[in-house]
Structures are given as structure tokens and as C-alpha cells.
Amino acid sequence: MIARRRVIGALALTSVVALSGCARGCTSSRPPIHLNPSMDDQPKVRAQTSSTFFYDGASMRQPVPGTIPIGGLNEDVAFFTGKGPDGQFIATIPVPVNEALVERGRQRSAIYCQPCHDARGDGKGILFQRGNVPTASFHQEKVLKYTDGQIFDVITNGVGLMAGYRWPIPPADRWAIVAYVRDLQRKRLASAPAAPTSAEGKLPSASATDPADKTAAKPAGIK
Amino acid sequence: VSRTYWRSLAQLEDRPEFRAALEREFLEEGPSELPEGITRRDMMMLLGASLSLAGLAGCRRPVEEIVPFVTAPEDVVPGIPRYYATTMPFRRSAYGLIVESHEGRPTKVEGNPAHPSTLGASSSIVQASVLGLYDPDRSQSVTQQGARKSWNDFVTAWGQLSAAHASDGGAGLAILSESFCGPTMARLATELRERYPKMQWATYDAVSDESRLAGLKAATGRDVDLMLRFDQAAVILALDADPLLTDPEMFRHARGFAAGRSAGATGGTTSTLREPQGRPEPSRGATGSGQAMNRLYAVEGVFSLTGAMADHRLRLQSRQIAPFLGALAARLGAPGASAGAGVPGLDPRWIDALAKDLLANRGTGLIVAGERQPAAVHAAVCALNTHLGNTGKTVSYYEMKDAALPSVASLVSLVSAMNAGTIKTLVVLGGNPVFDAPADLDFAAAMAKVPETIALGHTVDETSVKAKWHIPRAHYLESWGDVRAAGGTLSVVQPLILPLFGGKSTFEVLGLMAAGQDRPGYDIVRETLTLILGEDEFDKKWNRVLHEGFLAGSEFPELAPAFAGEPFAELGRLSAGSASAGQAASASSGDMEIVFLPSPALHDGRFANDGWLQELPDPLTKLTWDNPALVSPKTAERLSLANEQMIRIDYSGRSLELPVYILPGMADGVVALTVGYGRSRAGRIGSGVGFDTYKVRTSKASGFDSGATLTKIARSYSLSATQTHGSMEGRPIVRESTVTELRSRPSTAEHKPDAQKPAAEEAHAAASPQPAKKGTMSALGVFPEETHHFSLWKEHVYDQGNQWGMTIDLNACIGCNACMTACQSENNVPVVGKIQVAKGREMHWIRVDRYFSGEPAGSPEVVFQPVPCMHCEDAPCEQVCPVAATVHDAQGLNTMVYNRCIGTRYCSNNCPYKVRRFNFFNFTKDTPDILKLAMNPDVTVRARGVMEKCTYCTQRINRVKIDAKLAGRAIKDGDVKTACQQACPASAIEFGDLRDQSSRVVKAKADPRNYALLEELNTKPRTTYLAKVRNPNADLAGVRTDALG
């Protein structure tokens, strides 16, 4: 008798569950019901997840200051920081400049720079249009006077309102963007009436890899 | 030669119980029963209850949050691991490592190929060290008498203590450390000594090479140590030594030994060891081009891994090594050596043949003595190596710098000072003396008499719990440091993560004491390196050292030992006493020899809380989670002991009760005890596991001694061994040959006949050609179909893309188990515990089978065989899976789709190799948060009811494929390394693309020794084996391998 009562009780409970569970068609602030959770949530730590172990709640840890990963020696200081051994910004791009590099810079720039600085580098990007956020133009006097290393440093560490892009853009791509920015400036100067007439409108050929040719991408008369 | 292989004594006896157990896949009734008495019926009820509760409370999809970096570090791409070079300090060695870091969390450790001590290899201990970092029982704060304190509290307290001690020059101050070798530690120790000139410093290692150092000092008069070059050695004699496993430098030894082993084993055409009778040949090259296979002689009392690899093994008690060496030295004509009494009962032909071989290979011979042998033996070995012209070729010496050498005497004098009350402050700088100090010193009682005790430890261990102050010790993956490797190479310890619990390294604690101010380890180490590298361009040099992990060219200069004194005189005195003792031992049950062994897994007990190491089967006994006393079959018979029988050992006024295990190949009259087990405060894994054998170990005899008595106790204790699991029913599984046979029959590895196999089939198999014939590789997948094989299924053609395959060289494999732990770390393999192992439910994806052959009461020969999934092209498991959870992919991998698996276990039942593992329980369900960090994020953590097995490290294959595609290049041979392959110190495993005709794996498969396991089943396994080759000395055929009647 007791057993039967138990069975009935269990059935009643099950029906309540079935009614209240409402797996589909109901709105709920809680996550959906998941009857077979096997291996959906594994006891391992994946990238960009939270952690209840670390005090800051993040499972991703900063590298220990001072450590050097394999391949992270970065001994070419000029290439990685844009500064020479004297701590001053280097004048020219430390990699061979050719059309491929400028094209790479154009692609990267379209991803990372264009939203603010716009396609022509006038600082009239979407941020300016909608938020009226003052954004620097590549063609203003100040920027024209920057050395290549200084532009690299701005991309790396940011300046003013602009954030640093050291994480999303690897150094080689930052130099490509520098080359592209220089290309933009040179073309603008060439088309402007006040531009020095000596500035030729062509890049060195794509095969030019002589380091001496690096400066060729630089608009003449900028400095 | 017909040879019968056996896995255990029970198999040899072949009782009905054993047959019955063998026929079951899992060893106990009701494989699905939960422990703790919950029945299947209860389980169904619980299941029903949890289902009905599901709608009310649980079973909601977990809330997952995305937590990016706030300040993203340059070069870290989430999901892409980065690698750091660092160093694991271990005793006075330094293991150069490459550590994989997933977003700042170290998850996997590999050897650094450029580092001279690891050469890219690793061991179980190295692999498992990453689990030590994430040990949930690590101590989490500084404590003072059990109360939580901060590090600053300790710094303040130390300030007062240090002022008090400064007044009397540190007369009441004592430091107890482990031995070390590193410039920063040496510098800080010197500074501390300047500050407190009267302080006492003791250095103690429970597992120590003190007697070797003492022997070398006696022989040369200087503090020297040696480096062994196995790759240069043609004839090796190991005297009670285990250079291939428990020696800290086992990587180099194993790599060199395997290289010398592979030489001449690849086809038998040029295998010519310089036979003593033969004409002398020019000195053989190091590896590869060297033509002769090396020959290993082992003389030992306890069956070691080195003994298992030996071509000739002589069973002698440890105390008989000295007389044996004396007789050998006399036979070799060493000046000053006298034969003495020799070893009674030993066939003189053994020494004659050995001496002949050593004399014929002057300059390419090598004699090595074990750490537990007395100093006189080491001194004599040093003199003999020089006498034979081996010094500078197969063995070199160097003078040690920056080192604190182990000394039991220093501990003895420290303890007597503690007991006398002259020590006011004791600092235990790492180590666990309360647990592992010699029993006669009673360190705990002496420690109680010291008013201020400070202990640095990873956990609140036996020592820390008795100390007034406990400081959590930083793991090597959390700390900055520098150490010197054996040979002197300066290696840097670079942290992978900030200390998880604010631990402090020995450098920081010693730095505080030496300088009186709290400084970070980074500054201390940089300061030392400035002295070494010079201030000029220091940052650049420092960064390079960090990047490489070590300073190239910093090794100590080689030293030609000049002999002082009479190395053989002391040996003669030693021999006189021990030879007669050995003889007496055979007669009576009293006066057995007691031998203390380091644990191959836990070492001296420091790794006791590491589940991977606890569950790692011992290489020879295949026991997990325990340390029984080991005796030989004859000794067991004499004392009427059986496996799992409890015994009492009485020795030097102390006694110990523990179970006994009968290991064939042990010397008779020896009882061997493994140290490191039986810890009371190791943590949730290691506490109370096994038996504390330090309780009977004294300061007078830390290696071996006479005078032990065994008494049977009417109790038994169950042991969990893996050796009888997954038997392959006596089929010809391991194959071996000898150099001579290989030479005469170059195209065939010897096919081992077996008693159970019909003779006709055997003859057929023996006559059949080798499985991998050149030129037919592309016809049908990778393997040609043999004429007598026919398939029930339409054959799939694997002729596109990469086709992965593996070879395992049984001739190189030393059975060290490094592959097992490497696989466990890479593939998130769970630990199941002793009870589950007893039921045959261990989860290792690769196991190392150990086969004995020969007379069990004598010195049986051993073959090790690592067995992962064979990745059969015609996989029997796939054909029986009802839900297609295990299927083949286009690269020839036999893959597991975990989500599909419903746990029928048909696949496991149908697998002829027994390599599939089933999750009987949710072994990872209650994983603590900290242990989740140790899991490889690239590999699924399997749940209950899911079958799993070796995947050929499919995640590594995919990583390489992605990288190659991004870089726009093809995958090169050697780009993909499986975890087991990468770890293997002997380079026994090759893995690669079978369609790449130039790949190493294809070349290995073309070796005539290549054979497939259970080839007659036509499963066409992608993993094949290369047969083992022995190199016996013809002069020793039929000579007795022991000395006692």
C-alpha cells in the first residue's frame, strides 16, 4: 500500500515537473534546460573564460614580467619599438618597402585605422561622423613631420584618445601601415598644388629590396 | 630458439583462478558497480530522482562568460600556446625544459632539445611536475604555529631573529638544506656565512650520491663528479647501478645507450662488436655510423631497469659487489688489485668472459657503480676505468663549483647540536627531514628542542607541521632561479606564472637571510648573472640566456683524475667481511640483506601527492600505489611467503610491517624496500599510501646492510598491479633476436613460437615474408595484403593526404614509462585510484607491457613493449560500434567521437590489443578548480560512460596542419611529434607520414625487424614494432647467473 502511494506520489511529482519545466516556448531569464550535459561543460580552462580560482576572475594570465618566450627575443630594437639604440625614433622604416608592403598596409589599415581615420586619412571616419570625436588627420603638418619610428610608436602605444594597437597588429604589419600612411601622404602632397614638383608619383618597383631604397617611399620634402 | 614469455608468476603456474581472471576483460564481477556499496538498483533510483529534480533545479546549461584580457599583452593570441625555456632543478641536476603556456598557464612540459642534460627528452617525474604546480594541497600561506600569517609578518619576525643571532656570530643558527649546485645559491650561502660565521649548515638528501662523491674524492683527492657517455661505450658493466632510470642523468644515459643499441641492429649486415677473439678494429663512432651494438652486463641484487636491459645479468647481493669487483680488478690486471676471497659459488667463467670483453674494448668500455654502493667501490671503479683507458672517452670527470654536497655526517652533527640545545633557530630550506631523515637520529624529537624552527615546503608536510614558522615554497614554474646541470651548464629557471599562493623560492628566503632585506628572486638572480655575464651589454646577454634557457659554453672543464692513495686496498678490506656474510645469508632466514631503493616515481617521497606518479606502474613489478618488500622466488619459497602476504622486518632494533611481493630476478637472501611511500601529511592523494620504509633506515647504512630478519604475519594486504591486465593470450607478441642470428638471417626477425599455437600455423607464420615489403607500399593503403589474409570488408584505399603511422623500437625501449606520463599530461587522462586499478580500469592510453622469459628462479630476461592504439586500417572496434562513435578518418586515424559514444564497450571487447579505456565513473567530475588549470585545453575531458583511447595526438597533428597552411608550406617530416615520441629518452618511437618515402617512420618500417602485432588477424595496424635484438657473449652460454647454490 505504501509502495503504491509512493508510486502515485512520484507520478504526481513528475507531472508537476513536466508542467513547470517548460523547456520550449517559455521565456526565462535563466539558461535553457539541458538534459544531457555530458562533456558540454568540461573541467578544463579554455581561452577567454572566467575562473573561480584567480582573484580577478579571469582564467587568462599576464606573462610574468621579464620572461622571454621562445621566438620572443625581439633583439632588433628598431623593428620592435621604432627607436634606435640612442632611444630616438628612427627616421625610416627598417624593412624593405615595396608595393606588396604598401598593399598589406592598406588592408590592415582598412581593418584597424579606417573606422576612425577614414579611407583617405582625413580623420573623418565613422567615429567623427557619429560621435564628433576629434580624430587626427594624417595630412596635418604635425603628422607630416613625424618620423617613421614615431608613427610606429603611435600605432603601438596610442596617443591622446587613441588606444595602443600593439596587441592586434603585429610589428611587421605596423610597419606596413606606416608605409601605407606615408604613401597616402605622398599622394596627397603630389596632387596638392603646393606640392613640391620633384615628388614623383611612382613607388619603387616591387622587386626593390635594397635597404637604401627604403626612403624611396617617403615623400620628398616632408622633412 | 624457442622461448616462452610470461607476464607474471601466476601465469607461469597457470592455475584455474588465473585462467578465469584472464578471460574476463575486467577483473571483478559487476563492472558497473559503484564503490562504497551502492548497487546498480540504487543507482537507477538515484538517477530517476535526479531526472525528476532536473526540471526544478539543475540541468540548466551553464552560464559561460567571456573574459578577455583588460590589457592584452603583445604577441599573446588567445588559443595559441606559447613556449618558454626554463629549468627544473632536481637534486644537483638541472633539466632544461620547454614549457607550453596557454594564455599564461603552463600545461605541458617537454625537454629542451638544445639543453645538454635533457636533449629534448623527459621522464615521468619531469612530465608530472606540472601537476605538482597545480596540487590542490599546496600550502596557501605563511603560518606561525598553524595560524595564517603574511610573508611580511615573517620578514618582521626574521628581522628580530637575525638581530639576535648577529650578536654572537650566528652560533645558535642552523640551516638544513638539500644539496644544490647553482651560482646564486652558492653566492647567498657565502654571504650568509660572512654574516653569521659560526652558523651550522647541514646538507642532507634522502636519496643521495654521497658515497660516489666520497669515493671519487678518495681516488682523486678533489671534489669531482663524473659524466657518463653511453653513446661512446661498446661494453658496459653496471654494478648494482641503475643509470637508465633512477639516476638523475637518465636522459643522457638512455639516449646514449639506445643509440649504441640501435647501432648494428638495423639489418644485421654490419653487426660486428669487437669480439675478444677477433681482430681489433678502429674505434667506433658515437652514433649512427657506429657499426657495433653495445653490450651491457649488469651485476645486481635488485632487479633494476638497467638489469632488465642487460645482455648478461648476474644476480649478486649488493654486499657481494665489492668482492666481485676485487676479483674483476685482479683479473683485469689493475695495479694494486688482489683477487681476495672473490665471490664464493660464482662460476669463474663469468668474470673471465667479462674481463676479456672489457680488455678487448679498452677505451670503449665503461664501468658504472650504483649510488648505494660504498665509497671504496666507487674509488675502485674510477681507478679501473682509468686502467682500461676509458677515462676521457666513455667517462669524464669535472671539479664541482657552486655546489653544496650531501653529507649525512653534517646532519648527524646538526642533530646532536639540536639535542644539546645549542641550536636556537633552525631553518629547513626545503626537504622533509622529519619524514626522510635516518630513523636513528629521531629528527622530530631533536627539532622539538629547538625554540625557533622555520620550514620552507610545498605543502604543510611532516616537517612543516612541526615547525614554528612554515613558508609556502614556490614551484619551479613560479620562480626565478639559476642552477648548474651535471657537467656545469648554467641554466636559468624562468617562471611561467606568478606564484599561485604567494610562495617563496629558496633563493628569496636565503636572500632575505643573507642580505637582511626582502628582495624579489628576479633581482637576486640578475645580480648573480651580472657577475657571470659582465655588465657590458648585460640586458642583451641576459635576454638571450632566458630565451635559450641556459648559457652555452658554461660547462666545467674536464679533468684527468690523478690518483691519490690505494683505491683497491679499501676494497679488499670491504670484500673480506661482506663475502662471508653473503654466503651465510643463503643458509638462514636471519641475516638477510636489506636494500633501500629510490622510488622510480616518487623519488624520495617528494612527489607523493602526484596522482600521475602514484598510478604509474613500477617498470618491473607493474605495481601501482604501493611499495611492498621485494624478494626473490627462492627466498619466498624458503620463508613460505606468497604475494600480498604481510611480513615483519626486524633490522637494527627497529621493525616494520609491510606486504611482500615476489619479483623474479632478485638475488636470493635480499629484501628490497622502496622509500618515499607511507607519508602521513602528503595531501589528499599521497597520505597513507604505501609503507614508510624510512622507519628502518639508519644513518649508518642508507643503501644496504646485512642483518635483517623476516617474519611472516598472518595477514594479507591487497596490491594493485597492471601486469595481468589485457593479456593477449600467449600469442607471439614480442619478438626478439640476437645480433648473431640477425647476421645470419638478415631478412627475418625471429618469429617466436608459442606453446599454445598450432605447429602448422607457426611454421606458416615463420615462413611468411615481412609485413612491410619495399615497393608494395602504395598498392593497398600502406600495407600489402598477405596472401593468406583475406578481408571480409571492401578495402579502403588510403592514398591521399597524410597517412600517419608509427613504429616502436623494442630494441631501444628501456621501459622507463616516460611515454605514459607524457600521454597522461597531453591527453587529460584521469587517475582512477588503487581500487579501480585492481579491477583493471586504469586509463593509460599507452601502457608498457613487461614480459619475462627464462627461469623464474634464475635471472629471467625482460622485454618491454609499449602498447598504444594500433590504429588498424581494418579496425575490429569500428565494425562493432552500433553508433559509429569510432570511425576512420581520411588520414588513417582511428578516431573516437566522444559525443556519440553510448558506452556499450563492444569496441573494447573486440579490440585484440586491449588498448581501449572506458570511463566507468565520472573521474573528472569533482576536479578542483586548480586542477582544471592543468588540463590541456585542446583535448576533450571525457565524462562517464565514454570509451577513449590513443588518438595519435590528433590535436598536435591539427595544430601542425593549421600552422603549415598559414605559413603556406607543406608539413615536413618531424613537424608532428606525438607526446610519447617527444618524451621518449631512448628515441624508441617514430611517427610520421607513411606516404612520405623519406620520412623516418617509413625508413623504420623498412627495417627487416619490423613486424605488426597479431598480424595474422589482418587488422593492418598503422603502429608496428621493431624486434628486440640481444647481443650475448658467446663465452657466457650456459654459465650460471648467480653465485649461491
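## A pair within one helix

D929(B) and K932(B) are both part of helix α28 of chain B, where they stand three residues apart, about one turn of the helix; helices (H or I, at least four residues) and strands (E, at least two) are DSSP runs, numbered from the N terminus. Their side chains form a salt bridge, with the closest N and O atoms 3.3 Å apart, a salt bridge being a side-chain nitrogen of Lys or Arg within 4 Å of a carboxyl oxygen of Asp or Glu. D929(B) is partly exposed at 30% relative accessibility, and K932(B) is partly exposed as well, at 25%; buried stands for under 20% relative accessible area, exposed for over 50%, and partly exposed for what lies in between (1.4 Å probe, protein chains only).

## How to read the model

This is a predicted model, in which local features need pLDDT of at least 70 and side-chain atom pairs count only at pLDDT 80 or more, whereas totals for chains, interfaces and linings use all residues. Residues are numbered from 1 along each chain as its sequence is written, chains are lettered from A and ligands numbered from 1 in the order in which they are written, and side-chain values use heavy atoms, with hydrogens and water left out.

## Other salt bridges

Over all chains, a search of the whole structure finds 62 salt bridges. In chain A, one of them joins D122(A) to R188(A), with the closest N and O atoms 3.1 Å apart. This pair links distant parts of the chain, 66 residues apart: D122(A) sits in the loop between α4 (114–117) and α5 (126–131) of chain A, and R188(A) in helix α8 (residues 171–191) of chain A. R188(A) is partly exposed, its relative accessible area being 30%.

In chain B, the side chains of D209(B) and R92(B) meet in a salt bridge of 2.5 Å, N to O. Here too distant parts of the chain are linked, since D209(B) belongs to the loop between β9 (200–203) and α7 (210–220) of chain B and R92(B) to the loop between β2 and β3 (93–102) of chain B, 117 residues apart. Both partners are buried, D209(B) at 7% relative accessibility and R92(B) at 10%.

## Where the two chains meet

The contact between the chains takes 64 residues from chain B and 49 residues from chain A, with contact meaning heavy atoms within 4.5 Å. The two chains bury about 5,100 Å² between them, and 62% of this lies on carbon and sulfur atoms; buried area is the accessible area (1.4 Å probe) that two parts lose on being put together, summed over both.

Four salt bridges are counted between chain B and chain A, and R174(A) and E74(B) meet in a salt bridge of 2.9 Å, N to O. Across the interface there are also 17 residue pairs in polar contact, both residues at pLDDT 80 or more; a polar contact is a pair of N or O atoms within 3.5 Å, where within protein one must be able to donate a hydrogen and the other to accept it, and residues adjacent in sequence count only if both atoms are side-chain atoms. On the side of chain B that touches chain A, at least two residues each come from α3 (40–54), β2 (82–90), α18 (538–548) and α28 (929–932) of chain B. The element that gives the most to this side is α18(B), with five residues. The residues of this side of chain B divide into 36 nonpolar, 13 polar and 15 charged, where Ala, Val, Leu, Ile, Met, Phe, Trp, Tyr, Cys and Pro count as nonpolar, Asp, Glu, Lys and Arg as charged, and the others, Gly among them, as polar.

## Chain A as a whole

Chain A has eight helices and zero strands. Of its 223 residues, 38% are buried. Among the contacts in chain A with a separation of 6 or more, 55% are made by residues 24 or more positions apart.

## Helix α17 of chain B

Helix α17 (residues 521–533) of chain B has 13 residues and reaches 18 Å from its first C-alpha to its last, close to the 18 Å expected at 1.5 Å a residue; the expected span is 1.5 Å times one less than the number of residues. Its buried residues include I524(B), V525(B), L529(B) and L533(B). The buried residues of α17(B) pack against α6 (183–195), β20 (481–484), β21 (490–493), α16 (506–515) and α18 of chain B. After α17(B) comes G534(B), whose phi is positive, near 90°.

## Two positive phi values

Most residues other than glycine have a negative phi. S640(B), in the loop between α21 (633–638) and β26 (645–651) of chain B, has a positive phi near 45° and is partly exposed at 45% relative accessibility. C953(B), in the loop between β38 (947–948) and α29 (954–967) of chain B, has a positive phi near 50°, and C953(B) is buried, with a relative accessible area of 6%.
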